[in-house]
Amino acid sequence: MTQPPSMYHQDRQDRLIREFEHDTYKIRQKLPEPTVCPECRAVYHNGRWQWSEAPAGANEEMCPACHRVHDKCPAGFLTLMGEFFAEHRDEIIHLVRNIEEREKAEHALKRIMAVEEQDGGVLITFTDPQLARAAGQAVQHAYKGDLDFSYQEEEFLLRVNWSR
Ligand SMILES: [Zn+2]
């Protein structure tokens, strides 16, 4: 059985969420509104990136999620390991992709970056630490197993490990 996270841990998680409400990765100045990302066509409007139609003549600048993809600089990591995982691999990765689809529809900057083979399992990288956490929690909710988080404060990223 997995122990619930300590209060201390929970505080750190909450702080992480606040810090990432607005990912300003590579965005150094306040963007004019509307701004459209030339890569993914997300629109910065009302202080956040969202999926909507960009008006003609909108300012263009790459969104933080596309910057992270270009720089190969994930904000969240989820490793999936273990014998059970090996047997149910496709199904579990499919679940993670469903979580991304659902979250990305509402939050334009929450995306999977890559699904990579790793020794004994798979590493999934994300543009957003909350998405890594949500994906890990969904896997644990569906399949039990062991889940742990490590938040690297100085780098603003979250590593999530699940195994069964
Ligand atoms: Zn973009």
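Here is a short chat about a predicted model and how its chain packs.

Q: Before we start, how are residues numbered, and what pLDDT do local features need?
A: Numbering starts from 1 along each chain as its sequence is written. The model is predicted, so to speak of local features takes pLDDT of at least 70, side-chain atom pairs count only at pLDDT 80 or more, and totals for chains, interfaces and linings use all residues.

Q: How many helices and strands does the chain have?
A: There are 5 helices and 9 strands. Both are DSSP runs numbered from the N terminus: helices are H or I with at least four residues, strands are E with at least two.

Q: Which residues of H4 are buried?
A: Ile92, Val96, Glu100 and Glu103. Buried means 20 or more other C-beta atoms lie within 10 Å of the residue's own, exposed means 12 or fewer, and partly exposed is in between, with C-beta atoms placed from the backbone.

Q: New topic: which residues touch the most other members in the largest nonpolar core?
A: Leu78, Ala132 and Ala135, in a core of 19 residues. A nonpolar core is a set of buried Ala, Val, Leu, Ile, Met, Phe, Trp, Tyr and Cys residues joined through C-beta atoms within 7 Å.

Q: Which element gives the most to it?
A: H5, with 5 residues.
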